[in-house]
Amino acid sequence: MAAADELAFHEFEEATNLLAQTPNEATTRGDQLVPQQHVAVAMDSGGSYGAGDEVEESDKTALLQEEKQQPGFWTFSYYQSFFDVDTSQVLDRIKGSLLPRPGHNFVRHHLRNRPDLYGPFWICATLAFVLAVTGNLTLVLAQRRDPSIHYSPQFHKVTVAGTAIYCYAWLVPLALWGFLQWRKGVRERMGPYTFLETVCVYGYSLFVFIPTVVLWLIPVPWLQWLSGALALALSATGLVFTLWPVVREDTRLAAVLLLSVVVLLHALLATGCKFYFFQPLPLEPAAPPHQATSQPPTVLLSPPPPSSAAA
């Protein structure tokens, strides 16, 4: 065990005298002296050391200048931050949208106050492309089974699918966010999500329809409707579980009506895509059977009897 005097602080006379003679300089090694840049050591009348206030203020100013300023919403850098996600984050959010659980908030557990537009943008683009392609493939396969079915490439379905999906993924969240903002003024306890968080929730909720649309290539009607109902149930359940913590602060009637409208719009999107892109095909008009022209029956006339000779 070390002695008590060994643990006491000792003063070095050479360093003390040197600092007393040159208070504006600091020692580095040996007897070398360098000008003081960041910390000014000064001796007061009591022989103690202190940091200069001016140097501390200059350090704070330098740190503030190094901080990155938030770009304006009209600049590209502002929107670039919403696409700054990695693959693991996108996969985690897709998994969260496919497996909704009670009490598991998608915004709090997966977005974590960092909504992105990368996932919703590509999910909507993929869904629109898959809808248009599978809609045309359904017609091709049906024509091979039944040659009487008339088919021609329907490229306009790409435009229709893209317009419908992107309008739904942006306009419905916009209307929902506006309604929640209005209800927030009525019910002060409500704390709605931001607009980008709402768009992100709707975008990831559409992912489950991508494999469902591929399954619709199977020409079995009951299987198509079963897979569509299952996908609709998973997607709508995720929306309800995410919106419930916000709307439950409102009146019961308003909460029930809002969630019912959300589920109804989701169902209209799914059924509309099913009926439009996978509608029954028109049959080619069958040629009328060839009918033989009727001719008047031939009447065979018997020769007249020979007349008797005149007597």
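**Spaces inside the model**

Let me begin with the second largest cavity, which holds about 80 Å³ of space. This is a predicted model, in which local features need pLDDT of at least 70 and side-chain atom pairs count only at pLDDT 80 or more, while totals for chains, interfaces and linings use all residues. Residues are numbered from 1 along each chain as its sequence is written, and side-chain values use heavy atoms, with hydrogens and water left out.

A word on terms: on a 1 Å grid over the protein atoms alone, a cavity is a set of points where a 1.4 Å probe fits but cannot get out, whereas a pocket is an open set with protein on both sides within 12 Å along at least five of seven lines, and lining residues have an atom within 4 Å of a point. Grid points are joined across faces, edges and corners, and a volume is the space filled by probe spheres set on the points.

Which residues line the second largest cavity? They are Leu-127, Leu-131, Ile-165, Leu-206, Phe-209, Val-213, Trp-216, Leu-269, Ala-270 and Cys-273. The elements that give two or more residues to this lining are α6 (118–145), α9 (209–215) and α11 (252–277), and α11 gives the most, with three. Helices here are DSSP runs (H or I, at least four residues), numbered from the N terminus. The lining divides into ten nonpolar residues, no polar and no charged, where Ala, Val, Leu, Ile, Met, Phe, Trp, Tyr, Cys and Pro count as nonpolar, Asp, Glu, Lys and Arg as charged, and the others, Gly among them, as polar.

Counting cavities of 30 Å³ or more gives three, and the largest cavity has about 130 Å³ of space. Among the 16 residues lining the largest cavity, Gly-96, Ser-97, Phe-106, Gly-238 and Thr-242 are the closest to its centre. Helix α10 gives the most to this lining, with six residues, and the lining of the largest cavity comprises seven nonpolar residues, eight polar and one charged.

The largest pocket has about 380 Å³ of space. Its lining has 21 residues, and Thr-138, Gln-224, Lys-274, Phe-278 and Gln-279 lie nearest the centre. Here α6 gives the most, with five residues, and the lining of the largest pocket divides into 16 nonpolar, three polar and two charged.

**What is packed around them**

The largest nonpolar core has 45 residues, and those with the most contacts inside it are Leu-127, Leu-131, Ile-165, Leu-206 and Phe-209. Such a core is a set of buried Ala, Val, Leu, Ile, Met, Phe, Trp, Tyr and Cys residues joined through side-chain atoms within 4.5 Å, and buried means under 20% relative accessible area (1.4 Å probe, protein chains only). The largest share of this core, nine residues, comes from α11.

Note on methods:
Buried means under 20% relative accessible area, exposed over 50%, partly exposed in between (1.4 Å probe, protein chains only).
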